[in-house]
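Here is a friendly walk through a few local features of one protein model. Please keep the sequence and the 3D view open as you read.

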Amino acid sequence: MSWTKAERYRSLRDVSALEMETLRTKTAASPWRFGYHIQPPTGLLNDPNGFTYYNGEYHMFYQWFPLGPVHGLKHWYHVTSPDLVTWTDRGVALVPETTEDSHGAYSGSGFVKDGELHVMYTGNHRTDDWTRHASQVIGVLRDGKIERRNVAIPDVPAGYTEHFRDPKVWLEDGVYYAVVGAQRENETGCVVLYRSTDLDDWTFLGEIETGLDPFGYMWECPDVFELNGQHVLVFSPQGIEPDGHRYHNIYQSGFLIGKLDVETLTFTHGTFEELDFGFDFYAPQTTEQDGRRVLVGWMGLPEIEYPTDRFGWAHALTLPRVLTIEEGMLKQRPVAEMTTLRQDTFLDASGTSVSVATPDRYELELKTDGSDFSLDLLQVENESLVIRYDAAAGELTIDRTNAGEPFATEFGTTRTKAIHVTSLHVFIDSSSVECFVNDGEAVATLRVFPSELEKQLRYEGATASLTGWTYQ
Ligand code: FRU
């Protein structure tokens, strides 16, 4: 189905309770709904936004188009959690309805000031002739709604196009900084930096100079933080060509580790690394609480049709991951709180060949002696997601060629990572797979749409121990 502009840019304010109820019913009837992931009640979810710990709870917002599985008028939906694993729906927090955000309240971040949760996001405005105008807006969460405080950055500075968005704010020595994803007039991507002492006046400091120049035509969703004594710059570049096993998704998400100097505006760094080698990961955002840096991404990508579209909804957020830098390497591990979701142990086996019926939602730990193996997940008749390890080549391959309803096949149906594998830690939630390798050395996130409900797991290869827990 193709959507007209008028259909895409309808606000939730113009939708009757009955129409919403019809959409909710259609969504609820979908197979492949999630059990323990943040998913939209209807419509399309994209980037995580405003991820903040505030008043004893984690607050997460996400980009939301309520009316269908397309990128229309973006609202912010709100969920909260005491523990990052059980989430409560708080409803829509931001309905775009000012001149600045007339065509979408785009992505942004959260921070706490004077005991209140603040957000800074991009107002996306289109003129009558459909020219884009981006501005950066600050809001405050009051009674579950984001109230507009001020337009912090009304215009794009000279030298950049209107692809100027996704501010991430942090506080350092009493000064607020914001990085913004940008496109230069020569159509290359970069990140720029602003500073403010009061949230009212923002000074444009300039571009953060990296050694990646040029590197794609736009950098979306930047994030900067300190981790184990170093700085990390996360961003999602668009326009990167495949290179060996890397960069096969439509757009990428990755990071640089190094040192940011906010005075000279330079970031000295090592190589750009992808955060996730799966098929469905984009636009992540982090927050810090009690010294723990947690990342959540969008389990999806733009401009791709997914099988749930026909049920009127699309996508979810990933599980939260804890980031650390160990011996110069970024590690990503599922938050420890995940273990509170474990129910029965449905699998506890060791050997070279294991086969078992699996529940719809589960966690699996696999430890091997480091030689070849093949693991079939979500197996139904001749259909399965295959995770294959070739020890001689030192390569782990995720193969969804024949894993259920095909989609996005033009981007390839396998993903491979050069890594010596001794353990996998896998989370399955009906239509999602998140596979952590070697205690956080690498992660692959992907969607799979099996055709039937009764599914199996089959393991063959290296001597291994396998433990599986049912989730609700
Ligand atoms: C990334 C992105 C952001 C933008 C938002 C709009 O997926 O394109 O750059 O703010 O989505 O929904």
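## Backbone details and a strand with its partners

Cys221 has a relative accessibility of 7%, so it counts as buried, given that the cut-off is under 20%. Bear in mind that this is a predicted model. Cys221 belongs to strand S13, and its phi is positive, about 50°, although the residue is not a glycine.

Glu381 also deserves a look: this non-glycine residue has a positive phi of about 50°. Glu381 sits in the loop between strand S26 (373-380) and strand S27 (383-390). With a relative accessible area of 67%, Glu381 is exposed.

Another backbone feature is the cis peptide bond between Asp213 and Pro214, where omega is about 0°. Pro214 is found in the loop that links strand S12 (203-207) and strand S13 (218-227).

Now turn to strand S19 (residues 292-299). Seven of its eight residues are buried, so the strand is largely enclosed by the rest of the structure.

| Partner of S19 | Residues | Bridges |
|---|---|---|
| S18 | 282-289 | six |
| S22 | 321-326 | three |
| S21 | 316-317 | two |

S18 and S19 make a hairpin with two residues between them, and Asp290 in that turn has a positive phi of about 50°. Which residue of S19 is the bridge partner of Tyr282? It is Trp298. Trp298 also stands opposite Leu317 in S21. Elsewhere in the pairing, Val294 faces Val322 of S22.

Technical notes
Residues numbered from 1 in each chain as written. Predicted model: local features only at pLDDT ≥ 70, side-chain atom pairs only at ≥ 80, totals over all residues. Heavy atoms only, no water. Buried < 20%, exposed > 50% of the residue type's maximum accessible area, 1.4 Å probe, protein only. Helix = DSSP H or I, 4+ residues; strand = E, 2+ residues; numbered from the N terminus. Pairing = 2+ DSSP bridges.
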